[in-house]
Amino acid sequence: MRILMDIDGVLADQVEAALPVINARYGLELTREDIREYDQVIELPDGSTTTFGTEIGPLMHSRAFVVGMRMIEGAVRGVHELGKACSETFLATSRPEAAADATQEWLSRYNLSAYLPLYIDNKAAVPGDILIDDAPHQVEAWAATGRLAIVFDQPWNRGVEEGEFIKRAVGWRQGLARAWDWVKQREREGDVTYLHYSHALRKLNEELDGLLAKYPEEGDDE
Ligand SMILES: [Mg+2]
C-alpha cells in the first residue's frame, strides 16, 4: 500500500501563513474563506488586481515563511499512523525545489523528516494507491486513473464532487477513516491489486479498531 500526501493545505497551513503578508502589503482584510481557488483574483485598493498564486510564489522562496508555517491539526499524528499501517508513505508537493531545504527543516521540527517529499507537479503520474490532497486538479486527475483520492476539505475545493474514487475528508481524523474504509472495501471485494498488500492489510486491520477510538477530535500533537 502506497499513500501520497500533499503538504500545502493538508499538512502545512499555507493560506493562513500567506494572508497576513498579503493583507499587510495591500491594506486588505482577506480571510481564508475569500480564497476559493489557487489563482483567486484579489482586488486591490488602487483598482488593480493580483492573484493568490502570484503572491504565494515568491513567499515559497523565503526560508522564514516556509519554516514558520503552522502544522494543520492532527496532521503529525495522521502521517505517523499512515506510516505505520502502510508499506510506503510519501509526501508529494508541487512546491518549487528551491523550497526543499526549508521544507526539510520544517518537517524536522515536527519529527517528520523521515517522510522525504517528492517535488512533482503531476502527482497522478506517480504509482500509488491513495492520494490525500486539497488541490482540485490533483484530486480529479488522480481519481480519473481509478485510484482513491481523498480531497482534504478547504474553502478552495468545495466544488469537487464526491464519487467512486473521490472522498472528502474534513480534518485528519476523517481522512484516516476514509483511507481505512477504502482498503477494507477492496479487501472484501477480493481486489487482486490489494491482495498484493495482504500483509499490510492484516496489520492495518489488527490496529483498526483501536485506532479511530483513540484518535483525538482535535489534534494534540503540536
Ligand atoms: Mg496542496
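Helices (H or I, at least four residues) and strands (E, at least two) are DSSP runs, numbered from the N terminus. The views below come from a predicted model, in which local features need pLDDT of at least 70, side-chain atom pairs count only at pLDDT 80 or more, and totals for chains, interfaces and linings use all residues. Residue numbers start from 1 along each chain as its sequence is written.

**View 1. The chain as a whole has nine helices and eight strands.** Of its 222 residues, 33% are buried. A residue is buried if 20 or more other C-beta atoms lie within 10 Å of its own, exposed if 12 or fewer, and partly exposed in between, with C-beta atoms placed from the backbone. Two residues are in contact if their C-beta atoms, placed in that way, lie within 7 Å. Among the contacts with a separation of 6 or more, 59% join residues 24 or more positions apart.

**View 2. Helix α7 spans residues 172–188.** Its 17 residues reach 24 Å from first C-alpha to last, close to the 24 Å expected at 1.5 Å a residue; the expected span is 1.5 Å times one less than the number of residues. Which residues of α7 are buried? They are W172, G175, L176, A179 and V183. These residues lie on the same side of α7 because they cover an arc of only 100° around the axis, the arc being that of the directions from the helix axis to the C-beta atoms. An α-helix has 3.6 residues a turn, so residues three or four places apart point the same way. The face turned away from the buried side of α7 carries the exposed residues D181, Q185 and R188. Just after α7, G190 has a positive phi of about 70°.

**View 3. Helix α1 (residues 14–26) packs against helix α2 (residues 52–59).** Their axes are 10 Å apart, at an angle of about 95°. Axes are lines fitted to C-alpha atoms, for helices over the stretch in contact, and angles run from 0 to 180 degrees between N-to-C directions. The two helices, α1 and α2, are therefore roughly perpendicular, a term for angles of 65 to 115 degrees. On the α1 side, Q14, A18, V21 and I22 meet E55, I56 and L59 of α2.

**View 4. N23 sits in helix α1.** N23 is partly exposed, with 14 C-beta neighbours inside 10 Å. Apart from neighbours within four places in sequence, N23 is in contact with L28, E29 and L30.

Technical notes:
Angles under 35 degrees count as roughly parallel, over 145 as roughly antiparallel, 65 to 115 as roughly perpendicular and the rest as oblique.
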